[in-house]
Amino acid sequence: MNDEVRILLVDDEPLVLRSMEKTLLRAGFDVETADSAGAGLAAFEAARDAGEPFHLAILDLHMPDLEGQDSPDAGLELLRVLLQADTDLPIIVLTAYDEVGRAKEAIRLGARAYLVKGREAELLELVNEVINP
Amino acid sequence: MSNNVSLAERRAMLLQAGAEVSRKVASILDPDRLLNEVVDIICDEFGFYYAGVFLLDEAGEWAVLRAGRGEAGAAMIAEGHKLKVGGHSMIGTAIAERKARIALDVGEEPVHFKNPHLPDTRSEMALPLMVGEEVLGALTVQSTEEAAFSDEDITSLQAMADQLAIALRNAQLYAQNQRLLAQTERRARLLAAAAQVGRDVTSILDLDELLNRAVDIICDAYGFYYAGVFLLDEAGEWAVLRAGRGEAGAAMIAEGHKLKVGGHSMIGTAIAERKARIALDVGEEPVHFKNPHLPDTRSEMALPLMVGEEVLGALTVQSTEEAAFSDEDITSLQAMADQLAVAINNARLLKELEAAHAELVRTRTFEAIAMVTTEAIHWVGNKASPILVSVERLREDLERLPQADRDLLDSMREDLALIEESARLIFSVQEHLIGPVREEKPRPAMVEDVVRDAAVALGIPESVVRYRIAPLLPLGRADTTQLRRAFGYVLINALEAMAGQETQEIFIEVAPTDDGRFVTVRIADSGPGIPEEAMDKIWTAFYTTKEPKHAGLGLSACLQILKQIDGRVSAANRPEGGAVIEIQVPVFDGDLPKAELPTGKSVLLVDDADPWSRFVERTLTAAGNRVVRSTDVVEDPGRFDLILVDDVLEGGDSLAVLQKLREAGVGDRTIVVSSGLRVERTTTLLQQGVRDVLLKPYTPDGLAALLTNP
């Protein structure tokens, strides 16, 4: 059942965050949001410590990083840290950066997919694939 | 001499005569003239029948007759008359013993050597010519009277001989000084000329102008008949003539005159040995290369042009005089050549600096634009994305509402469609119009490969497209991802124009322009052509003759992309029907870095037989690798060190190939290449377990970099 599936959504753009959250909630997922890499990591650790770890993380790239500095690579840094903590965690990158270099780096670091905002129509389908392979 | 004159009077007369001789010869500074005149002066003053001057040769072994009175003297000099020092002759013994000798009746004196030229001699005296301890030679005086000299006469006549020796020595010293002076003056003149050349050439910063004027400047400063400048080619194997004085120079340059470094020519050896070479009589010097353009050369010097350790080339200077250069001249002329070398180096460095600066400006500009557009794209993406997602949710929610008020609901549905359409348009603009400047800088590219990939990637069947590709195409300079999109837009346009037609033909022609500055790609279709009134408008964004949903961005985006790379695009209707879009991509005119290709590898190239795969095969094989090309996976791919897969394959999807390779366990040595990389395709490919997904290299150094990519 989808409502047992916990998704962490990290993006510093409030419109995107709220819109994505609503879409995922309507699809029946349990969604928690964070508006920075730091907040995302904190949410991840809290969930893990509470025995309710996330099943999937959807990360933006350009946001405040773990030190609080606005950076286009904040999402990749968070990706690395999360995968270190949980190597099996499926992570989808959802970003406005339509750049092959960043896409390759994300995939190499272990992201399951790299979606460009505006072309993310398949997001839900992808989430379902990842959760139920 | 009459006997009734007293001894004192005689002595006084001799001294006076001697003083007269001394006075007259003291003013003659030219040693040759001195010798010639002194014998006449002595005979005139003393009334002798004959006088002659012998001078020692270099070795001091022989006394050579250097002056002699009258025909007898001339004849003996012509014969090279000489007497052995210490031999039987009076001259010989006078020199050896450093004492005057007298023979009073020549018939009786045992040491006398009867001279057929002087048959009337009855008395003879030989006086050594000495300055201090040094003997220069000896003076002979002869009389037709017997017993013409007495022992007392020796003193007076020796005094005269001593004065003569001093005068002679002075004349020789003077002549030597004159020579030294001339040499010093010459050296000073040469240095002054070198300085003049140096001043003139170092102010010319344009390399071509410098070379052309230098040869004239040098010839004018030194009065040479010809000067030429050779510069080394890139490989350092040949010295190529870059400037030459006059018609001879112009003719040789037009012929592409060049000389091998280390070869037989003076220029070739001067460069190889880094030392000046002189040929003094051009007919004899073995290293000389007889030049039909310069027949009057009798002396030649070749000077290497060096800056520090680096040899740039060499300078040749030629004179119509024999022995025009001495070893001493090398120093001053090399100084001049060194100045020229510095000037040439400066001009070259300036050229490189200007090119590097231009490249830097281009790169900076590119980077600046890239940064701005990247941020713009990013911003638009972030702001517009929630619109579409939210519209989707609203649509779903609409369906959940009670469907009672149909008109209201339909109106809401329409509103949602409008919002969605607007958002899509915004994304479209972001993607197609703002996006031309992306990650890649323009680079050397095989344009014919990019257009072919565009056609195949769009799935246009082979039966629809015909190609005419010119041989020996130069590389273009473009961002290939964007260029492929540009070709894609044009091809899509062509397909849409022909939609619904029975016969659909696309004709792609690739050829260089006549001036070699562009590669032209003509894409023609067999559609209805472009309406005349639309000809100007097709390049405007959002102009479309199709349904309202069509954004009309394709050709406008194509124009943007071409403008970005300083290319051109135009449209026309063909006489035989249909439209043709002509795209001109600038030719890549930079230098390609040296390629450090690996060797001894075996490579599997999965690709169709096309210009790019041929380039790869050729380049890798030439570097000593083994290449197997196939359109699909071959047996036992594990035997290859490296597997290259072209993402665009005519026969099918490269993903199928990659799956087979992964199953064979060789994914980690597989690299996928594409002429255009997009995010979605790249991530899909990368997730096939390949080592990397990269842009197709179109140059040997690009290929080398790809192969050594860890």
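I take two strands as paired if DSSP finds at least two bridges between them. The model I examined is predicted.

**Entry 1: the open sheet of chain B**

I looked up the strand order first. Under that criterion, six strands of chain B form an open sheet in the order β3-β2-β1-β6-β5-β4, and their pairing is antiparallel. From one strand to the next, I recorded an average twist of 25 degrees.

**Entry 2: β5(B) and its partners**

I then followed strand β5 (residues 123–131) of chain B. On one side, β4(B) pairs with β5(B) in the antiparallel sense over three bridges. Within this pairing, I found B:M125 of β5(B) as the bridge partner of B:I102, while B:E124 of β5(B) stands opposite B:A103.

I next turned to the pairing of β5(B) with β6(B), which is antiparallel and extends over nine bridges. Here B:M125 has B:V141 in β6(B) as its bridge partner. I also noted that β5(B) and β6(B) form a hairpin, with two residues between the strands. In the turn, B:G132 has a positive phi of about 65 degrees.

**Entry 3: helices against the strands**

Helix α2 (residues 31–46) of chain B lies across β1 (50–56), β2 (62–68) and β6 (134–143) of chain B. The direction of α2(B) is at about 145 degrees to β1(B). Helix α5 (residues 151–202) of chain B also packs on the sheet, where it touches β5 and β6 of chain B. I recorded an angle of about 45 degrees between the direction of α5(B) and that of β5(B).

**Entry 4: chain B overall**

I counted the secondary structure of chain B as 17 helices and 26 strands. Chain B has 710 residues, of which 40% count as buried. I considered the contacts in chain B between residues at least 6 apart in sequence, and 62% of them join residues at least 24 apart.

**Entry 5: the side of chain B that touches chain A**

I examined the interface next and found 21 residues of chain B in contact with 23 residues of chain A. On the chain B side, the elements that give two or more residues are α9 (327–400) and α16 (679–686). The largest share, eleven residues, comes from α9(B). I sorted the residues of this side into nine nonpolar, eight polar and four charged.

**Entry 6: α4(A) against α16(B)**

Finally, I looked up one helix pair between the chains. Helix α4 (residues 100–109) of chain A packs with α16(B) at an angle of about 25 degrees, and their axes are 9 Å apart. That angle makes α4(A) roughly parallel to α16(B), since angles under 35 degrees count as roughly parallel. I recorded the crossing of α4(A) and α16(B) as right-handed.

Which residues make the contact? From α4(A) they are A:V100, A:A103, A:K104 and A:I107, and from α16(B) they are B:V679, B:T682, B:T683 and B:L686. I divided the residues of this contact into five nonpolar, two polar and one charged.

Technical notes: Residues are numbered from 1 along each chain as its sequence is written. Chains are lettered from A and ligands numbered from 1 in the order in which they are written. This is a predicted model: local features need pLDDT of at least 70, side-chain atom pairs count only at pLDDT 80 or more; totals for chains, interfaces and linings use all residues. Two residues are in contact if their C-beta atoms, placed from the backbone, lie within 7 Å. Helices (H or I, at least four residues) and strands (E, at least two) are DSSP runs, numbered from the N terminus. Ala, Val, Leu, Ile, Met, Phe, Trp, Tyr, Cys and Pro count as nonpolar, Asp, Glu, Lys and Arg as charged, and the others, Gly among them, as polar. Axes are lines fitted to C-alpha atoms, for helices over the stretch in contact, and angles run from 0 to 180 degrees between N-to-C directions. Angles under 35 degrees count as roughly parallel, over 145 as roughly antiparallel, 65 to 115 as roughly perpendicular and the rest as oblique. A crossing is left-handed if the near helix is turned anticlockwise from the far one by less than a right angle, and right-handed if clockwise. A residue is buried if 20 or more other C-beta atoms lie within 10 Å of its own, exposed if 12 or fewer, and partly exposed in between; C-beta atoms are placed from the backbone.
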